[in-house]
Amino acid sequence: MMEVIHEVPGHEHPLKLIDLQLQYEDEEDEEEEEEDEEGGSLIKKDGFHGVTCGRCGEEIHMYHRYYYTCCSSSCDDFSLHKFCGELPSRLVHPSHPPHTLHLQPCSDLYLRLGCQICRRHYNPGQHLYKCYQCHFSICVRCGMEVGKNVIHHPCHPHSLMCTITEPILCCCKACGKRHEGIFYQCTICTNFTIHTECAFLPEKLLIQEKTDGAFHHTHPLTISYSFPFIDQQAKHRPRCRVCGGGFFGTEDLWIYKCDKCMYYAHLDYATSRREPFMSIFLSAGAGRTNKNYKDVDHPGLLHLPFPDDSYSLPKHNLFFQQTTNDDDDHHHHKIKVDDRLSHKSHQHPLILVDHGQTSSSSSNSLLLIKCHDPMKKTQLICNGCLRPIMSTMPFYICANANSNANDDEIQIQSQGVCNNFALHEWCTRLPQEIENHPGHPQHTLHLIYSNNLHFFFGVFHCAVCRLPCNGFVYGCVECEYYLDVTCGLIPKQITHETHPSHILSLVRGKPWVNCHMCPNNLPVAGQFSFRCDTCDIYIHLECALLLVETVRHKCDKHPMHLSYLPIENHKSEYFCEICEEDLNPHQSFYHCQDYAQSVHTACAPSILECETETYTNHNGPWIYQGGVHYFVNIKFGGIYRTQRHSHPLSFAQGIVLDDLCSICNQELQYEMIFKCLECNFVIDYYCCK
């Protein structure tokens, strides 16, 4: 574009015309080059900051596109709107038809009188149009109202004009709201109108911190004039980070976003505008950060997620009962723990293992058990609750477990019922009966041990979470209603970090609503879930109760933490370190901040089962849809003997390396199987059943 030089009466230096659109495009190109050289800086330079017009005293906005600035360095702060710089020296205005108005600097007399149209007072040095005969004067703004009300907005290919100065009721194409106000409209596209406050929103802003930081984002958000569906799909269909609502069906509305952190917010919520038509912000946004309960009214309220695998619902319930007894008795109440125990769940006596205490028993002092340790890829699972047994907790093993390597070490292996049997100490104290369970209030549920179940190899499907399980059971034999231990002890109310400050209540879930933590729909009508009555948010039972805060992976020395939103400053695409497939960061996943590694929540336990486990079919072959591993409540490793094969078969999870089933000839990956460790014989669980 050729440089335009303009002479303005009353100013001693020439002015040059600036095209803000071209200037800003050049600055963006420079920023992109600098960004590439610096390795991807997240914070760009600010855009054009408005300057004050030397004639009308109002801001020159980038959407005016053109303005004049002084060529001389001695007064580089002198600038004019393009239409102010090209004002005619004489004007015939309908407000004063008898005489011609002349453009003149404001004198002291007119400072006191003010504009005869808008009644605004003039500023010293400001220009005005005045009548030499009648002392009639109007400000430049009123004299050239039409020119001032034309903007060139990047959201639209045509110029926009504000032709009506009185508020009208209209729909804004920027925010999608229908409300009363002053609008800019396109004279070519008759159905395009935007509200004045939307038209002049800043291109970049830092999101408001008026809600205790709940919606805060450290980087400036950039305005975007649309969010096409194809872009939403590429970003895993994100939701507004303030209100939690989606963007589907509003692709043409404006948003504020930080693409690199996958932070997206509706226009209204990002700006926290308080007009009546946007008052939903107060109820749907800020209300979520206000605690809606008192701790004193909810003793023993379960705060989830559990810190790590060493915590479970049976452990929580036992320690809460002990704490309650301590308070009631006003003295320390301690449950006696026997070194040896006869338990109905196992045919042999059990020996207590407690690495945290010194025992007088010589056998116990020499007993060194390889407990659950993902870093060493060792696994020890409780036969009762199916949760890992860590070295920091007391537990029982079978007294007949075979010694391995030497007399000083006993290693739990998956070679037989006894060598594989272990129980948390608190799982030996589970309540024998449960009255008025919300899923089966008509009958008492009794504790049934896995060795007394009539199910093949002890595997049943829990009536609440629908996951397969081979641990202890709470059941009603008369109605054939069976639950795993966690669902049997399920609390009626919880809180969860993914939706803090509000109580989540146990409810019969309605179908076709999304779980707040995982990508899948809630179960069919009648199944249970946790719900926030204030915000109408649902969470799967298994996602709330079985996904712990911290897990460890053998390939990463740092713990991985449960994340519910994209990680700030994450510079690469998200993928799972275990299955190496795409990962949606808008749903719960495990992440290591130090190494920038991520794992699907459903893949996290699978590294202990096999190296070839993948995420793709975690939700494929089964009716179950959820964010946890499908076999999280299955303890593999038992031995089964059958006349169909001469060798003992090991109960395991099928992997891609397993051959086809010897009976039905079907693939066995992702299935429960029995496999021979001495030959290639392998059979599907259901064929064996």
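**Figure 1. Antiparallel pairing of strands E2 and E5 in a predicted model.** Strand E2 (residues 15-19) and strand E5 (residues 66-70) run antiparallel and are joined by 5 bridges. Within this pair, Asp 19 stands opposite Tyr 66 of E5. Strands (E, at least two residues) and helices (H or I, at least four) are DSSP runs numbered from the N terminus, and two strands pair if DSSP finds at least two bridges between them. E2 and E5 belong to an open sheet of 4 strands, with the order E1-E2-E5-E6 and antiparallel pairing. Its edge strands, E1 (5-6) and E6 (79-81), each pair on one side only. Strands of a sheet pair through backbone hydrogen bonds, either parallel or antiparallel. Residue numbers start from 1 along each chain as its sequence is written, and side-chain values use heavy atoms, with hydrogens and water left out. As the model is predicted, local features need pLDDT of at least 70 and side-chain atom pairs count only at pLDDT 80 or more, whereas totals for chains, interfaces and linings use all residues.

**Figure 2. The hairpin of strands E38 and E39.** E38 (589-592) and E39 (597-600) run antiparallel and are joined by 4 bridges. Phe 589 stands opposite His 600 in E39. The hairpin has 4 residues between its strands, and Ala 596 takes a positive phi near 55 degrees there, although Ala 596 is not a glycine. With a relative accessible area of 41%, Ala 596 is partly exposed; buried means under 20% relative accessible area, exposed over 50%, and partly exposed in between (1.4 Å probe, protein chains only). Both faces of E39 are covered: Gln 597 and Val 599 are buried on one side, as are Ser 598 and His 600 on the other.

Figure 3. The peptide bond from Leu 304 to Pro 305 is cis, with omega near 5 degrees. Asn 436, a residue other than glycine, has a positive phi near 55 degrees. Asn 436 counts as exposed, at 53% relative accessibility. Most residues other than glycine have a negative phi, and most peptide bonds are trans.

**Figure 4. The largest nonpolar core and the surroundings of Ile 194.** This core contains 177 residues, of which Ile 194, Leu 267, Phe 530 and Tyr 590 touch the most other members. Helix H13 (residues 541-546) contributes the largest share, 5 residues. A nonpolar core is a set of buried Ala, Val, Leu, Ile, Met, Phe, Trp, Tyr and Cys residues joined through side-chain atoms within 4.5 Å. The residues touched by Ile 194 (heavy atoms within 4.5 Å), not counting those up to four places away in sequence, include His 153, Leu 160, Phe 183, Tyr 184 and Trp 254.

**Figure 5. The lining of the largest cavity.** A cavity is a set of points, on a 1 Å grid over the protein atoms alone, where a 1.4 Å probe fits but cannot get out; lining residues have an atom within 4 Å of a point. The structure holds 4 cavities of 30 Å³ or more, and the largest has about 50 Å³ of space. Volume here is the space filled by probe spheres set on the points, which are joined across faces, edges and corners. Among the lining residues are Cys 465, Leu 541, Glu 542 and Asn 633. H13 gives the most to this lining, with 4 residues, and helix H12 (485-488) also supplies at least two.

Key
On a 1 Å grid over the protein atoms alone, a cavity is a set of points where a 1.4 Å probe fits but cannot get out, and a pocket is an open set with protein on both sides within 12 Å along at least five of seven lines; lining residues have an atom within 4 Å of a point.
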